Each structure stands twice: as C-alpha cells, then as structure tokens.
Amino acid sequence: MLAVSKCGTLLGVEGIIVRVEADLSRGLPVFDIVGLPDTAVRESKKRVKAAIKNSGYEFPLKRITINLAPANIRKVGPHFDLAIASGILAATGEIKNFPLDNKLLIGELSLNGKVHEVKGVLPMVIAAKEAGLESVIVPEKNKFEAELIDDIEVITISHLKDLKKYRLYVKKSFNLKISNKKDEKERKKAFIPNYEIDFIDIKAQHEAKRAIEIAVAGAHNLIMIGPPGVGKTMLAKRIPTIMPSLNYDEKLALTRIQSIVGKIDLQKGLQNRRPFRTPHHSITKASMLGGGKIPVPGEVSLAHTGVLFLDEIAEYKREVLELLRQPLEEKKITISRSALKVNFPCDFILIASSNPCPCGYYGDERRECNCTVGQIKRYRNKISGPLMDRIDIQIEVPSLNADELTTFKKGDSSKIMKKRVIKAYNRQKDRYEKENFNYNSQLKGDKLNYYCQLNNENKLLLKNAVRELGLSARAYDRIIRVARTISDIENSQTITSDHLAEAIQYRRFENNF
Amino acid sequence: MKFKNKKEFGSWGEKKAVEYLLEREYKILFKNYRNKLGEIDIIASKDRFLLFIEVKSRKNNSFGPPQTAVNYKKQMKIKKVAKYFIMENNYKNYQFRFDVIFILYSQFNDLVNIRHLKNSF
C-alpha cells in the first residue's frame with residue numbers, strides 16, 4: 001500500500017517540493033524514514049506515531065517506510081510531520097475521501113495531534129505555486145504568510161483529526177494585486193510603515209543630513225566620523241525613514257528571508273519596513289555572512305533592501321569587516337558547504353560610524369585628545385583601504401558648540417527628505433531602464449563614462465582635485481558617481497561643477513581618515 | 001485450557017507453532033536450539049530455505065500487540081545465534097530466512113489464532 005503526499009524543504013531562500021512516499025507492507029512493525037532526513041525529521045517518527053494514535057486513528061502495525069524524494073537533498077525541520085502522518089493515514093485508507101495529490105502539506109505535529117506553526121512557509125508556498133499545485137495546507141498560524149501568494153488555495157488545519165472530517169476552513173487566498181478599490185486603499189494605508197522617529201529630531205548637523213540623503217538616493221555606502229555624542233547613531237537610525245517604500249518584489253524577497261529565520265510578523269503579511277540591522281561589534285564571521293551546516297541567512301542578508309549599520313566600525317574584528325567586501329560588490333552572498341551551495345540576497349546600504357581615535361576627541365574643539373600617534377594609527381588601520389574604498393561618502397560629524405545647540409535652525413523633516421530621495425530614485429530608474437542595475441552606486445567602467453559625461457571645465461576641476469588631494473583612480477570613479485546622485489537630487493540633467501565639488505569633499509578621509 | 005505458569009504457556013505455544021509448520025510441510029531441524037550466544041525457538045527448512053523462527057504467545061494484548069515484542073535487540077540476538085548456527089553446521093547452499101509466529105490464545109472461547117510473518121527481519 002503506497003501513498004504519496006507532498007511537502008517542501010528549503011535550500012537557501014528557495015523552496016523545493018519534496019515527495020513524501022509512504023509504503024506499508026507486512027512484517028514486523030518498523031518505522032523508517034529514508035531520503036537524507038535531518039535529526040528533526042527523523043524524530044518526526046515519534047511525533048507522528050503519537051499524534052496518529054491520539055487523534056482517533058489507528059497506527060498500523062506494519063513495516064512503514066517513508067521516502068523523501070529527491071533523496072539527494074538534506075531535509076531539515078519539523079514541518080514534514082503533517083505530510084508523513086497523512087501519507088501513512090492515506091496508505092491505511094483512513095482518509096480515503098481526502099485526496100493528497102495537488103496539495104502541499106506543511107505542519108509540525110504535537111503528540112496530541114495538534115498542528116503547530118513552522119518556519120519558512122512562504123518560500124515553500126511559492127515553490128508549490130511554481131510546481132502547479134492546487135492548494136497548500138498550513139497550520140492556522142501560518143495562514144497569513146501563505147495567503148501572500150496569489151492563485152493558490154490556502155487551507156488551514158489545526159488538528160490531525162480534521163483530515164478525516166475534511167471539514168476544513170477553506171478559503172481562496174486574497175489577491176494582493178487586484179481587488180476592489182476600497183480594499184486596495186485600506187491595504188495601502190496599512191502598508192505605509194510608521195516610524196516614531198524623524199530627521200526633524202536632530203539639531204543642526206545639516207551637512208550630515210545632506211550626505212545621508214545623497215547616500216540613500218544613490219544607494220551609496222557612507223561612513224560618519226566624529227567624537228562621541230554628536231548624534232551619529234541618531235542619524236543612522238533615521239535613515240530608513242527617508243528610504244522609498246518597497247515594491248512587491250522587494251517585499252517578497254525580504255519576507256522570504258524573514259520567513260526562513262522565523263522572524264516574520266505573521267499578522268502583518270508582507271514585510272513593508274526596510275530593515276535596519278545593527279549587529280554588535282562582537283559579531284562572528286558566520287553570523288555576519290550567514291552559515292551553519294544548513295546555511296541560514298546572516299546579518300548582511302537580514303539587511304537586504306535596507307541598512308546595515310556598523311556602529312563604531314573600528315571595534316569590529318578586522319576579519320569580519322574584510323568579509324563585507326564581496327557582498328558589497330555582488331549584492332548577494334554564496335555560502336558553500338560540503339553538502340550544498342546556497343545563495344542569499346544581500347543588497348543593503350552600509351552605514352558605518354566611527355570615532356576619529358580611541359579616546360574619541362581627536363580634532364575636537366572642546367576637548368583635548370590624549371591618544372598617542374601609534375594608538376591612532378592602529379585604530380585607523382582597523383578599516384582597511386579596500387573597504388574604505390567601497391564607502392563612497394565619507395563625512396565628518398563635528399561636535400556642536402553651545403551657540404549652535406541653543407539657536408539651531410530646524411532642518412527638513414523625513415517626509416521632505418524622502419520626497420527628494422524618491423525623485424532621485426525615479427530619475428535613476430528612468431535612466432537605467434535598459435540596464436540590469438538601478439542605482440548610481442552600481443555604475444562601472446563604460447557605463448560610468450556613458451551616463452556621467454563631464455565637460456572640459458569639470459574634467460580640469462577633477463584633475464586638480466586628484467592631484468592636490470592625492471586621490472586614487474578608484475576614488476576618481478567614486479566622485480563621479482556621487483556627483484551623478486547629487487545632480488539627480490538637484491533635478492539636473494548634467495553634472496555641474498557644483499555637484500562635482502560637493503562630491504569631492506565627500507572623499508575627505510581618502511588618505512587621512 | 002489452563003496453564004500452570006508462563007513457561008508452560010510458552011512451550012504450549014511453541015508446540016502449536018511446530019504443528020502449524022508440519023502441516024505446511026516444513027521440516028523441523030531443531031526445537032529450542034541453544035548455543036553460547038542464546039536461543040532460537042525453532043529452526044526449520046523447506047525448499048532450500050533455512051528458517052529461524054521466533055514464537056511469541058499471548059493471551060491478551062495488555063502488554064501491547066505481540067508484534068512489538070520482537071524488537072530490534074531481540075532481532076539482533078536471533079541473528080547472532082543464527083550466524084553461529086550456520087557456521088557450526090556448515091549450511092552453505094541455503095537461503096536464510098527469519099520468521100516470527102504469533103500465537104494468540106483466547107481463554108473465553110478456547111480459540112487459537114496463528115499468524116506467520118515470513119521474512120520479517
């Protein structure tokens with residue numbers, strides 16, 4: 001007696017459909033699971049056995065063999081319970097009126113037969129849709145997550161005994177894209193993220209705010225250097241408030257990642273907030289990039305579509321910082337383990353902050369710095385040249401004197417800044433319509449020359465700057481890129497000398513951070 | 001039928017199993033074969049098959065179904081004894097099979113139910 005049900009497993013952010021074949025034959029009762037099951041899957045035997053017994057079914061006294069196909073992929077996680085249990089029940093004929101083909105079953109069983117929520121439902125539902133399955137059966141708590149995907153029926157199950165009754169809660173999933181207008185409006189309202197913080201909270205620091213605006217508009221990486229207590233962290237925290245809203249694909253990509261790590265807020269549906277990740281400086285290599293025997297996404301991937309903020313960047317382990325170089329370029333990270341290779345997206349803006357020296361007051365007007373030259377040198381060497389090179393915008397955040405603190409001019413609010421950023425975004429989108437990138441920061445080589453033509457006067461300006469400041473060839477490209485973004489913010493077709501001059505001063509720490 | 005003790009019931013069950021096998025033209029080679037590694041209830045043969053048979057007798061299911069009583073440990077033990085037996089007696093041109101016979105005896109209506117699981121481990 002053979003029955004086949006379907007379940008999914010994860011390979012990175014991709015879901016894969018797994019055929020769960022249950023065979024019952026005569027012989028001494030044994031219960032075997034084959035097909036590269038991991039510990040949690042192997043333990044599923046005990047849960048399934050107890051759950052079947054305690055749900056009013058009879059557990060067959062037969063030789064039970066479960067095969068998880070394709071057998072070459074390692075199966076992880078407790079979500080196979082439901083598929084295994086229903087496979088066995090179908091093989092014994094207990095749930096004859098419940099056809100298993102065309103259904104994806106996901107769920108963890110408890111010993112009393114209840115179906116519990118699991119991680120990673122979203123990627124598996126996407127895989128089910130791509131495989132052309134009709135419906136997915138998910139635990140009640142994963143309902144919202146599953147319903148994010150259109151054109152597939154979502155059925156929830158709370159107890160194993162419901163299979164027999166087949167009086168399940170059946171509902172067509174709601175369609176995110178097309179629906180009547182009133183719904184759409186309300187949904188949109190619910191999808192606008194609320195931030196309790198705003199750039200208007202920050203006193204003065206107009207230059208820093210301007211630089212941040214440019215960084216966000218062109219997806220440039222940014223480093224802020226300044227003494228303690230000037231508001232570097234405060235500035236960074238407000239960056240998500242000026243980033244444009246996520247589009248559907250970005251939301252889906254972000255939700256996928258969060259679904260895998262189980263961080264998803266199930267009631268809210270697709271994640272609409274851009275992530276702002278602030279890993280502590282004691283972070284290890286594996287948790288930064290992602291890893292493990294079965295790779296899980298790290299901080300760089302959790303920051304996908306958002307901001308990775310490294311506060312006090314010089315305090316991080318040097319080897320951890322060096323690892324960032326590749327993901328910053330590639331916008332995705334490949335984690336290779338002996339058994340498998342996995343890709344995670346990691347398209348983020350790197351925002352770093354640092355003090356100018358170990359004591360923090362080098363170059364400050366208010367206090368004397370008491371670090372030795374050696375100390376300062378060592379501190380600054382923590383950030384390697386190649387990494388610094390990838391940070392397009394380098395700014396100083398100075399301390400404010402008493403006058404500035406009391407009589408500060410109110411700056412722009414996040415709302416106004418966001419408007420300018422969106423305008424610049426749209427300009428870039430139009431310009432790079434035919435390209436496979438979206439932002440100025442991704443301009444390279446020929447493309448850079450093509451999209452950022454300079455007139456002779458500007459070329460001379462840049463030439464002088466390079467000579468006087470001792471800039472590298474790579475810095476030259478970076479300046480042009482940033483200048484391009486500035487001109488986008490200023491709504492200008494061409495790069496003018498003003499834009500270029502502003503861009504040049506964002507390479508302030510090229511040789512002397 | 002009344003039994004004095006468990007042992008008597010057990011050997012009665014084994015007797016029933018032997019009767020059952022003889023009816024089906026099995027040749028009984030040993031009953032309660034013993035060596036230093038343990039015991040096998042019945043060793044029989046039929047059509048170039050050498051059978052090692054474990055007999056389980058039960059009066060009720062209060063200790064669970066008899067199928068679950070022949071667990072992995074017991075199976076391994078029987079296999080070890082069987083290997084020793086094969087070596088000792090030089091049975092080369094045989095195929096080997098491990099069977100389990102369940103004897104279910106109902107005291108209410110004096111009925112005996114025999115189930116023979118062939119090639120069970």
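Which residues are exposed on the other side of α2(B)? I found Tyr72(B), Lys73(B), Lys80(B), Lys83(B) and Met87(B) exposed there. Exposed means over 50% relative accessible area, buried under 20%, and partly exposed in between (1.4 Å probe, protein chains only).

I noted that this is a predicted model, where local features need pLDDT of at least 70, side-chain atom pairs count only at pLDDT 80 or more, and totals for chains, interfaces and linings use all residues. Residues are numbered from 1 along each chain as its sequence is written, chains are lettered from A and ligands numbered from 1 in the order in which they are written, and side-chain values use heavy atoms, with hydrogens and water left out.

I then listed the buried residues of α2(B): Gln75(B), Ile78(B), Val81(B), Ala82(B), Phe85(B) and Ile86(B). They sit on the same side of α2(B) because they cover an arc of only 140° around the axis (directions from the helix axis to the C-beta atoms). After α2(B) comes Asn90(B), with a positive phi near 55°.

Next I turned to salt bridges (a side-chain nitrogen of Lys or Arg within 4 Å of a carboxyl oxygen of Asp or Glu).

I looked up Arg431(A) and Asp488(A), whose closest N and O atoms are 2.7 Å apart. Arg431(A) is in helix α17 and Asp488(A) in helix α20 of chain A, so the pair ties together parts 57 residues apart in sequence. Both residues are buried.

I also logged the salt bridge of Glu435(A) with Lys447(A), at 3.6 Å, N to O. Salt bridges that share partners join Arg427(A), Arg431(A), Arg484(A) and Asp488(A) into one network.

Notes
Helix = DSSP H or I, 4+ residues; strand = E, 2+ residues; numbered from the N terminus.
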